[in-house]
Each structure stands twice: as structure tokens, then as C-alpha cells.
Amino acid sequence: MTGIDDPRASGTEGYNFAYLDEATKRMIRRAILKAVAIPGHQIPFGAREMPLPYGWGTGGIQVTAAILGPADVLKVIDQGADDTTNAISIRRFFTRVAGVATTESTAEASIIQTRHRIPEKALREDQVIVYQVPQPEPLSKLEPRRAETERLHALADYGLMHVRLYEDIARLGHIAKAYDYPVMVNGRYLMSPSPIPAFDNPKMDRMPALQLFGAGREKRIYAIPPYTPVRSLDFEDHPFRPIRAPHACALCGSTESYLDEVLTDDAGGRMFVCSDTDYCGERQVAVAQEAAE
Amino acid sequence: MTADLPQTSGRTPLLNAEGLTLRFGAIPALVDVAIDISAGEVLAIVGESGSGKTTLLRVLSGMMAPDAGTVRWLGDDLHAMGEAARRRLMRTDWGFVHQNPRDGLRLNVSAGGNVGERLMAVGARHYGRIREEAIAWLQRVEVDAARIDDLPRTFSGGMQQRLQIARTLVTRPRLVFMDEPTGGLDVSVQARLLDLIRGLSRELGLAVLIVTHDIAAARLLADRMLVMRRGEVVEHGLTDRVLDDPQHPYTQLLVSSVLAA
Amino acid sequence: MTPALRTEGLGKAFTLHLQGGVRIPVLGDVDLAVHPGECVALWGPSGAGKSTLMRCLYGNYGAGAGRILLRHRGTDLDLASASPQQVIEARRETLGYVSQFLRVIPRVATRDIVAEPLVTRGVPRDEAQARATELLHRLNLPERLHGLPPATFSGGEQQRVNLARGFAPGYPVLLLDEPTASLDAANRAVVIGLIREAKAQGAAIIGIFHDTEVREAVADRLYDVLPHQDAA
């Protein structure tokens with residue numbers, strides 16, 4: 001058989017399974033093990049050059065490559081969608097260099113690599129979610145010195161992060177951070193959840209699936225083991241509130257999912273649809289079946 | 001001779017140091033320095049530029065390690081306790097007021113956020129109460145509470161310095177280090193600040209270790225004084241005795257050089 | 001009866017390092033005792049060391065030799081060898097001093113300056129201020145001045161602020177260095193009254209009074225301070 005899905009026929013002869021050499025994978029796996037052992041703590045790793053630019057998911061791809069086996073089923077989403085450029089490129093990359101099966105279904109996937117979302121459907125113990133992370137350091141905007149932020153983490157000195165939230169409330173009456181909303185992992189480490197919407201933060205709390213985070217340019221890996229408590233920072237009198245647009249999805253009618261605002265014409269026409277395409281599709285099928293029955 | 005002295009004044013010092021020695025290459029920065037400070041006491045370290053007084057402050061506050069000698073906080077060796085413990089001290093029992101308020105404030109954070117930071121660092125998580133406390137402290141240091149949401153860069157130098165003091169004292173430290181706190185201020189503003197510092201020290205039983213080259217300020221503020229020269233403590237004792245009856249040639253020179261202290 | 005303050009062989013000399021180390025002895029072998037309720041006036045020619053002796057007694061000058069025993073908290077505290085903290089404590093509770101000069105933080109209100117020694121002794125601020133106001137009135141300092149810092153006051157007004165500050169706490173031992181130097185007759189009479197009341201309440205007072213009228217009105221005896229014999 002020839003075709004795009006056959007590594008031997010696609011010009012990938014001589015490449016190792018899943019692109020990275022075994023020594024690199026071992027190095028990354030060690031970093032992952034350490035990250036799992038210290039939930040929320042950033043582990044440095046020797047990020048490799050990847051055949052795509054920084055900012056396109058090089059960290060996530062390396063983590064995925066290091067844990068991927070031939071039997072895995074891979075799902076890749078970007079902003080919740082399986083059909084965007086970044087998601088398609090990465091999915092095809094792994095099809096080509098590892099020959100693994102891919103899927104758009106959350107339920108069928110064993111590994112889900114994501115940028116900016118957590119699927120709406122609850123993840124299970126036998127799944128792993130890999131986040132692409134642009135800036136792993138939650139304190140970076142407040143304290144530019146890396147040595148100092150590491151010291152602040154070591155001493156769990158997180159007053160500064162609360163100062164930022166205090167400033168939001170003082171100026172705007174509420175905490176303005178809508179994505180990359182900082183969390184405390186296992187009551188110890190302050191962590192950036194990557195630029196997912198704050199709406200998704202509660203899904204991280206005690207999630208049955210293993211959560212891995214890879215930052216390629218910043219060369220850091222961190223993790224949240226299954227069932228680990230993850231708490232969004234807040235004040236007692238200004239508790240954390242996940243925010244979603246106050247609409248129902250125009251396609252599936254969901255009033256619970258995270259919505260994207262889509263412009264439909266040049267005259268200001270717009271609609272709100274689920275950002276999670278798989279979830280929305282499944283619901284549309286279900287709704288249609290119900291209607292047909 | 002000392003046997004019949006009352007022991008009422010025998011308070012254990014909060015901080016004490018002995019044998020502090022530090023060299024920067026060939027330059028002796030500290031030479032066998034001993035010092036102690038107790039609760040409710042204002043201790044001034046005076047001397048000209050380069051006399052080692054700022055270095056001493058840095059060593060005493062754990063920011064710099066001496067070549068020899070020990071610094072003890074409530075009996076515990078400061079430089080042996082590890083950075084985590086020292087930092088904890090820095091945000092609880094200690095405060096540090098810098099000469100330049102810009103070094104002690106976050107200029108891109110509102111006045112309220114600046115005052116509230118130490119509260120949040122020690123676990124305060126109630127926005128309303130943090131804000132109340134911040135307002136109370138702004139009033140205490142005579143900064144208009146209506147400016148709580150303004151950035152400190154819009155404040156005058158004297159206001160910035162008072163804000164820095166509020167930010168430092170909000171967690172009720174027991175010892176505050178001050179490095180030339182009235183340094184860059186107008187004379188009239190200095191006086192208000194001196195009065196504020198002294199009042200707070202009396203009211204809160206605060207120990208204040210203040211480094212200054214302003215002898216007149218030290219006279220009004222300090223209970224005791226330590227005169228440094230070339231890394232050595234050449235004289236120490238009651239402030240008014242050191243200034244009115246100086247024993248060491250250098251102190252006599254220093255005092256005679258001051259305009260009507 | 002135990003003296004409230006006494007000296008034993010008190011001596012004092014100054015070494016002027018900036019003048020080639022010349023040593024100037026001022027006091028030698030001063031043995032002075034003052035009892036509760038008694039007022040002793042230091043007596044002697046100008047330059048004999050009366051002010052120096054006062055300053056030694058207050059601890060402002062270090063004693064060169066001998067002992068200065070102050071009755072403090074029911075026991076004798078030797079101010080000549082006491083630690084700075086002990087001297088500060090004695091000054092807070094037992095030993096008051098009215099100097100000729102008022103030295104205070106600029107821009108602090110007169111009422112607060114007078115109340116401060118009371119506040120540091122633990123008197124509530126309101127009470128301390130009430131006592132301050134009462135004394136300032138008694139010393140004929142008009143109410144409108146009470147809220148102002150004394151920097152711009154006349155010499156006589158400043159001296160009265162200083163007196164109010166010295167008399168407010170009711171120290172068991174009080175040192176007065178020319179307390180009436182720049183006062184008019186009416187205010188001198190007020191000061192005489194204050195001193196007599198303090199004595200009646202058991203205070204021991206040592207003073208330098210150039211004013212004969214005041215001296216004769218308050219002093220129980222004189223203590224001769226003589227120019228030091230073996231001056232270099």
C-alpha cells in the first residue's frame with residue numbers, strides 16, 4: 001500500500017518512530033515523570049528544533065511524541081476545533097511520522113493535544129491531555145527575572161499574583177482575566193493553565209485524565225496528575241466565576257458549552273457557536289435523531 | 001558594681017550581631033562590628049559615605065553575608081537559617097524602607113495594591129478587608145484615602161516615602177530597617193516624616209534601625225546612636241551623649257562639622 | 001531617708017581631639033545628695049561647671065569618674081555605668097530635665113510636644129493632652145498657640161513650652177537649668193509655684209537659678225560648685 005499514511009512511502013525513511021530519537025524521548029519522559037511527581041512545578045527540558053515554528057505547538061508536539069505509542073489514537077484541537085490549520089497540520093504530522101490512528105472524537109482519543117481549550121466532554125482515566133503552552137511562567141508579567149520567579153515558586157511567595165487580581169477589582173470591579181487564569185495546583189504551586197478560557201479552569205480540578213503541559217520556546221514541561229486539586233485564585237468576597245457568553249449555540253442549542261462569536265457578514269451579523277466542534281457535531285446528530293424519531 | 005543594678009532593662013534584644021567582618025577586596029567594609037536592638041528602640045547608624053553603614057544594614061537584614069561574625073534574630077543565626085526563613089522574616093517580622101521609594105514600591109501597582117501586597121503575601125484573601133486596612137494605613141501616614149487607586153508615580157516624593165512606610169508597616173513588623181529614609185526629600189517634608197516614624201515606633205513598640213548621614217535627624221529620632229568610620233564602630237551610646245559629649249576624635253570632628261544639630 | 005539622687009566622687013574632664021588632644025578637667029570629686037521634697041540650688045561663678053554637672057546628672061555627658069546613684073524603681077541605678085537603655089528608662093520614669101533650649105521635631109504641635117513624655121509613660125493620649133493644655137494655660141501660653149509648632153515662638157514662650165513639658169509627667173527627680181532665664185515676673189511666679197508643688201509632692205529638685213528671687217523662693221540649700229583646682 002502506498003499513500004500519505006504510510007511512513008515508508010511518504011519520504012520519512014530513516015526517521016525514528018514519532019520523529020524524535022529515542023534518547024530525546026527518554027530525556028523528555030524523565031522531565032514528564034519529574035513533572036508528575038511535583039504537580040504544577042515547571043521542569044526544564046532540552047527542547048529540540050521541530051519542523052514548525054515556535055508558537056505553533058512545538059512543546060506540545062514534543063510531549064506527545066515522547067508518550068505516543070503505535071496503538072494510540074490521537075486527537076488534536078486548536079481553539080476547540082479539529083478542523084483548523086494548526087490542528088490539521090499536527091494531526092497529519094503524527095500520522096506521517098508515527099502512523100498512529102487519529103480521530104476527531106473526544107471519546108475515542110487516547111491522547112488529546114490541545115491549544116486554548118479543554119474538550120467539553122469529561123475526560124477519563126485512560127486519556128492524556130497535552131497542552132501547548134506559550135508562556136509557562138504565571139508570574140512572568142509581574143516579575144521579569146527568571147531567577148526571582150523561581151525563588152518565589154520555591155518559597156510559595158504568591159502575594160504578587162494576588163496583587164494583580166486586587167488591581168483588577170480595584171479598577172474594574174471584577175477580576176478581568178478571562179483566559180490563562182492562574183491556578184494553584186495541589187495547594188502548592190502557582191501554575192499557568194496555558195491560554196485556555198477561565199471557563200475551562202474548573203475542568204482541570206480533580207480531572208481523571210493526566211494533564212501534561214509543554215512549552216517549546218521556554219523549554220519547560222509541567223503536569224497535573226489525575227485527580228489533583230486545582231484551584232483558581234480568587235478572593236473570599238470576589239470568588240472565581242467561569243464566564244461564558246450568555247447565549248445558546250446557534251447550531252446545537254447548547255447553553256452549557258463555551259461559545260465562539262462568529263461574524264457572518266460585513267453588516268455586523270454574527271452568531272454564537274460551540275468552540276468544541278466534536279461536542280457540537282455530536283449534539284447536532286443527537287438533536288436530528290430525536291427530531292426524526 | 002553592676003550587681004546592685006535593677007534588671008528591669010535587661011530585655012533580650014530582637015536582633016544582635018557580633019564580630020561582623022567583611023572585606024571588598026582590599027577595602028575593609030566591616031571591622032569587628034557588634035550591635036544590638038530591642039523592641040521599641042530607635043537606633044541610628046551614622047557616618048559619612050563609604051563608612052560601611054549601608055553595608056552593615058545589608059548584612060544585618062540578611063541581604064549580604066559577612067566574612068565572619070554572626071547576626072542573630074531572637075537568638076537564631078540569621079545566615080544559617082536559610083533563605084526561605086529569611087524571606088519569611090522579611091515579609092512578616094521585618095520591614096525595609098529604602099532611601100529611594102521607587103526601590104520599595106511597585107510603581108505600576110496602585111497605592112492600595114502596594115499597601116495590600118504584604119497582607120496578601122501572608123495569606124489575606126478578603127478583598128474588602130485588605131482594602132479597609134489599606135485605607136486605614138494611608139490615613140495613618142497622611143495620604144488622602146481618595147488616592148487609594150492612583151499609581152504611586154503620580155505622588156510627590158514625600159507621599160511616595162510615606163506610602164512605602166505604610167506598605168512596610170501594614171503587617172506590623174517588629175523591626176524596620178531604614179536606609180536614609182529622608183534622603184531625597186525637602187526639609188519640611190523630612191520633619192513630617194521624622195515625626196511619623198517616631199510616633200509609629202512609640203505607638204507600635206517598633207524597633208527601628210535607621211542608617212543616615214543626617215545627624216540632626218538622628219538626634220530627634222534615635223534613642224541610641226552608632227558612629228561608623230571605615231567599617232568600624234568608633235563610638236556608640238545614648239544619642240544625646242554621643243552628640244554632646246563625643247569621645248572619639250572622629251565623632252568630635254563629625255559633630256563639630258554639623259550646622260546646629 | 002535615702003536620697004533621690006546622689007553622687008560619689010563624680011568627676012568630668014573633656015579631651016578635645018581637634019585641639020591637639022588637650023584635656024580640660026571641669027568637675028572633680030563632686031559629692032552631692034538631694035532628698036525627696038528638697039530643692040538644691042547649684043551655686044558658683046560662671047564657668048565653674050554647674051551646667052556640666054547638670055548634664056552629667058542627666059546622663060547627657062558621660063561621667064569621667066565616680067558614681068551617680070538615682071533612686072529608680074525602688075533601687076539605686078548608677079547612671080555613670082548604666083546602659084543606654086537603662087538611662088532611657090530612667091529618663092522616661094524618674095528623671096526629668098528642663099534645659100535652656102527647646103529641641104524638638106519641627107512642625108509638631110506644642111500641645112503634642114508637652115504631652116509626649118506622658119504618652120511614652122503610657123498615659124492615654126486624651127488625658128495627656130488635657131494635662132498639657134492645663135499646664136500651658138497655667139504658664140500663660142494662649143490657647144491659639146497650643147496647636148502650633150513652637151519654632152516661631154519667642155524665647156520666653158519656648159521656655160514655657162519646655163517647662164510645661166518638664167513638669168507635666170511629675171518626675172520624682174527634676175533637673176532645672178535656669179528655668180526662668182527669659183521669663184517675666186508673672187511667669188516667674190508661676191514657675192515658683194510649680195516648683196513648690198512638685199516639692200510638696202515629694203520631688204527632688206536640683207536647679208541652676210541665676211535669679212535671686214526665684215532661688216530664695218524655692219531652694220532649701222545651696223551646693224557650691226567650684227572651678228576645678230588642677231586645671232591644665
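**Exercise 1.** Which helices and strands of chain A and chain B each supply at least two residues of the lining of the second largest pocket?

*Solution.* The model is a predicted one, and the pocket in question has a volume of about 1,100 Å³. Begin with chain A, where helix 4 (146–154) and helix 5 (159–172) each supply at least two lining residues. Then turn to chain B, whose elements that meet this criterion are helix 2 (83–91), strand 6 (94–97), helix 3 (101–104), helix 4 (111–121) and helix 6 (157–169). Among these elements, helix 2 of chain B gives the most, with five residues. Finally, consider the centre: of the 32 lining residues, those nearest to it are Glu148(A), Arg87(B), Met90(B), Arg106(B) and Arg167(B).

**Exercise 2.** Find which element gives the largest share of the lining of the largest pocket, and state which residues lie nearest the centre of that pocket.

*Solution.* The largest pocket holds about 1,400 Å³ of space, and its lining comprises 43 residues. Chain B contributes through helix 7 (187–204), helix 8 (215–221) and helix 9 (239–244), while chain C contributes through helix 1 (50–58), helix 2 (84–93), strand 7 (95–98), helix 3 (110–120) and helix 6 (155–167), each with at least two residues. The largest share, five residues, comes from helix 2 of chain C. Nearest the centre lie Arg198(B), Arg202(B), Tyr58(C), Arg91(C) and Arg165(C).

**Exercise 3.** Divide the lining of each pocket into nonpolar, polar and charged residues.

*Solution.* For the largest pocket, the division gives 15 nonpolar, 13 polar and 15 charged residues. For the second largest pocket, it gives nine nonpolar, eight polar and 15 charged residues.

Key: Residues numbered from 1 in each chain as written. Chains lettered and ligands numbered in written order. Predicted model: local features only at pLDDT ≥ 70, side-chain atom pairs only at ≥ 80, totals over all residues. Heavy atoms only, no water. 1 Å grid on protein atoms, 1.4 Å probe; cavity = no way out; pocket = protein on both sides within 12 Å on 5 of 7 lines; lining within 4 Å. Points joined across faces, edges and corners; volume = space filled by probe spheres on them. Helix = DSSP H or I, 4+ residues; strand = E, 2+ residues; numbered from the N terminus. Nonpolar A, V, L, I, M, F, W, Y, C, P; charged D, E, K, R; others polar.
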